[in-house]
Amino acid sequence: MDTPSTGYLRGLRSLERELVDPVPLAVEGTLPPELRGTLYRVGPGRWDIFGDRLHHWFDGDGMVHALRLDGGAATYRNRFVDTTAFSEENAAHRRIYGSFGTTAPGGRLHRFQRRKARRNPANTNIIVHAGELLALCEGGRPWRLDPRDLSTLGEEDLGGVLPSPLTTFSAHPRWDPATGDLWNFGAELGRVPKLHFYRWPAKGAAEHITTVTLPIPAMIHDFAITERSLVVVATPIVTPDIPLALAFGQVSYGESLRYRPERGVFVGLIDRATLQAHWYRGAPFFGLHLANAYDDGDEVVVDVSTYDDGGFLSIAYEMMRGPIYTGTTGKLRRLRIDRGGRPIAYETLVDHHFEFPRIHNDRTGRRHRMIYGLTWDRPTDMPRRPIALDLDSRTFTSAPEVAEQWCGECVPVAKAGATSEADTWLLTVVLDAAAERSELQVFDGADLPAGAVARVPLPHVVPFGFHGNWVAEAGTEASA
Ligand SMILES: [Fe+2]
């Protein structure tokens, strides 16, 4: 019988080594010479704090990886984000903080005393906006980095808009296609769960726009904007209605979440002109990421990476201890929300796992032709290979599975002279468990079945991370 490989576990070990000076890399195949810029990636660098292993994939201290490509050559650097928790725990030589999925160390009284001092690991996304390089995590404020050496410059408070380290700014901002303004939200947990929305122009002061109350105490990871609306999809992974153990620090946020399909999915449309919020309830699914959203007459179209159940809640713990045994199946779905109130219409776009969805330039709000992502076949596996959905033809293609390889998020970069969104390079950092290393792989988005056109081995295994962006050499805006 075919035994599924668990080689992905190699991507869940801590990496303590920082390579601060650029390391030149050998290139196998041909790197498109037009790729001149830096691929920034971020993810957990360590889950083991002086021998104390954090319990959840999302918990680990953020580490930035920078791959600079220039005319077919490549260099690599990596460095931890020097957050409050990272520096305090390094000085103390022990774990002090709780995390998304791990309680604070110590006994009940100590956990109660430390209940608000949660780790902001700055490990989820890295962007460039308003001339700043920022590491983001939904558990706190952005951390500013120096692009010259990836050193940490400090926490970003957006000119006082995020006044305390406990105010949050999600890892999934979106850029308005019309203005280039960055829009984002921050979640506030508590008896009445809320989302605060922010706008940050590329030039000018950031501002708080509005605050809305969530109809269910759901974890919100992502959002989207359309011309008329801010769009939130609240899937029913929720904290208890009276979260006493969470409030007293006896369980972590991640441990308190449950999948409650009977609550349904709530899609929130916040009118950008009036700031009125309307919520529409639909059939349940679990999901973290929105691929795109746009207005279509009086309807809003939202494409979402979904799962049929809440298995991921267990998977993200299981993988930190050993093989995944809880399976889950995913699909990319389209939701049509009628502002007039007809029930939400669901359509399956790809009946296959489709995670880390990306569109060009992260600018939701208009119809896009292509959605890129990752797919895999076995319910207990991790993302394996790139997938591309062409919404013009309603067909998808994918790269072949390679034994002992697992792909990270694909970042789309338009080819030189591209005439459509299909003319795209996809940049991804891949774990090669057999070779005990990671490598940059570049795919031709228009020909995924051909496999990678270039492979650039890195000096070590890059632990499984989350998101990143390509910053073109002369560019100061996040692209792709
Ligand atoms: Fe994400």
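User: What share of the 480 residues in the protein chain is buried?
Analyst: Happy to start there. This is a predicted model, where local features need pLDDT of at least 70 and side-chain atom pairs count only at pLDDT 80 or more, while totals for chains, interfaces and linings use all residues. Residues are numbered from 1 along each chain as its sequence is written. A residue is called buried if 20 or more other C-beta atoms, placed from the backbone, lie within 10 Å of its own, exposed if 12 or fewer, and partly exposed in between; by that rule the buried share of the protein chain is 49%.

User: Which radius of gyration does the protein chain have, and why does it agree with a compact globule?
Analyst: The radius is taken over C-alpha atoms, and the globule rule is 2.2 Å times the number of residues to the power 0.38. For 480 residues that rule gives a value near 23 Å, so the protein chain agrees with its 21 Å.

User: How many helices and strands does the protein chain have?
Analyst: Both are DSSP runs numbered from the N terminus, with at least four residues for helices (H or I) and at least two for strands (E). On that basis, the protein chain comes to 5 helices and 35 strands.

User: Which residues stand opposite Arg-455 in S34?
Analyst: Good one to trace in the viewer! Two strands pair if DSSP finds at least two bridges between them. S34 pairs in the antiparallel sense with strand S2 (residues 28–29) over 2 bridges, and with strand S33 (residues 437–444) over 4 bridges. Opposite Arg-455 stand Glu-28 and Gln-441.

User: Which residues form the covered face of strand S34?
Analyst: Strand S34 spans residues 454–457, and its uncovered face holds Arg-455 and Pro-457. The covered face is Ala-454 and Val-456.

User: Is Leu-150 buried or exposed?
Analyst: Leu-150 sits in the loop between S10 and S11, and its phi is near 65°, a positive value in a residue other than glycine. Because 24 other C-beta atoms lie within 10 Å, Leu-150 is buried.

User: And is Glu-436 buried or exposed?
Analyst: Glu-436 has a positive phi too, near 55°, and lies in the loop between strand S32 (424–432) and S33. With 11 other C-beta atoms within 10 Å, Glu-436 is exposed.
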